[in-house]
Amino acid sequence: MINIEIDAIENEKQSVIMFYKKQVEAFRAIKKEAEKVEWADTNYDRFVESMNEIGSALSAILQTVTNGSDVYVISEILPLAREYLENERKFPRI
């Protein structure tokens, strides 16, 4: 017999979404603080390029994993898990 905990899967989905939202918030906070600094050397261009690369990578990862309300893999598995549990209930236990 297979045990599927739907609530645990849904909680995991929310955890993934919250984790990525925190990453976006942290990125925005760093970028906002960096805008307050007066840059007087050539490191500024490198910093801006690095932040743009980080932002692009973060965006790409987020779009691959979630749309902000669903985690694609988990959202696709949940209906299948529910269907499995429904079918499992129809068969007698041996």
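At what angle do helix α1 and helix α2 pack, and how far apart are their axes? Keep that in mind as you set up your viewer. This is a predicted model, in which local features need pLDDT of at least 70, side-chain atom pairs count only at pLDDT 80 or more, and totals for chains, interfaces and linings use all residues. Residues are numbered from 1 along each chain as its sequence is written, and side-chain values use heavy atoms, with hydrogens and water left out.

**Stop 1: colour by confidence**

Start by colouring the protein by pLDDT, the predictor's confidence in each residue, from 0 to 100. The mean is 83, and 96% of the residues reach 70 or more. Confidence is highest in α1, at 87, and lowest in α3, at a mean of 83. Helices here are DSSP runs (H or I, at least four residues), numbered from the N terminus.

**Stop 2: α1 beside α2**

Now select residues 6–36 for α1 and residues 43–65 for α2. Here is the answer to the opening question: the two helices pack at an angle of about 165°, and their axes are 11 Å apart. Axes are lines fitted to C-alpha atoms, for helices over the stretch in contact, and angles run from 0 to 180 degrees between N-to-C directions. The pair is therefore roughly antiparallel, a term for angles over 145 degrees.

To see the contact (heavy atoms within 4.5 Å), show the side chains. On α1, pick residues including Val-16, Tyr-20, Phe-27 and Ile-30; on α2, those to pick include Phe-47, Met-51, Leu-58 and Leu-62. The residues of this contact divide into 13 nonpolar, three polar and one charged. In this count, Ala, Val, Leu, Ile, Met, Phe, Trp, Tyr, Cys and Pro are nonpolar, Asp, Glu, Lys and Arg are charged, and the others, Gly among them, are polar.

**Stop 3: Leu-58**

Stay with α2 and centre on Leu-58, which lies in this helix. Is Leu-58 buried or exposed? Leu-58 is buried, with a relative accessible area of 16%; buried means under 20%, exposed over 50%, and partly exposed in between (1.4 Å probe, protein chains only). Leaving aside neighbours within four places in sequence, Leu-58 is in contact with Gln-23, Val-24 and Phe-27.

**Stop 4**

Next, select Thr-66, in the loop between α2 and α3 (72–90). Thr-66 is buried, at 7% relative accessible area. Not counting residues up to four places away in sequence, Thr-66 touches Ile-17, Val-71 and Tyr-72.

**Stop 5: α1 beside α3**

Bring α3 into view with α1. These helices pack at an angle of about 175°, with axes 11 Å apart, so α1 and α3 are also roughly antiparallel to each other. Show Ile-6, Ile-9, Glu-10, Glu-12 and Lys-13 in α1, which meet Ile-74, Ser-75, Leu-78, Ala-81, Arg-82 and Leu-85 in α3. By class, this contact has six nonpolar, one polar and four charged residues.

Zoom in on Lys-13 of α1. Lys-13 is buried, with a relative accessible area of 13%. Beyond four places in sequence, Lys-13 touches Ser-69, Asp-70, Val-71, Ile-74 and Ser-75.

**Stop 6: Tyr-84**

Finish on Tyr-84 in helix α3. At 33% relative accessibility, Tyr-84 counts as partly exposed.

Terms used:
Angles under 35 degrees count as roughly parallel, over 145 as roughly antiparallel, 65 to 115 as roughly perpendicular and the rest as oblique.
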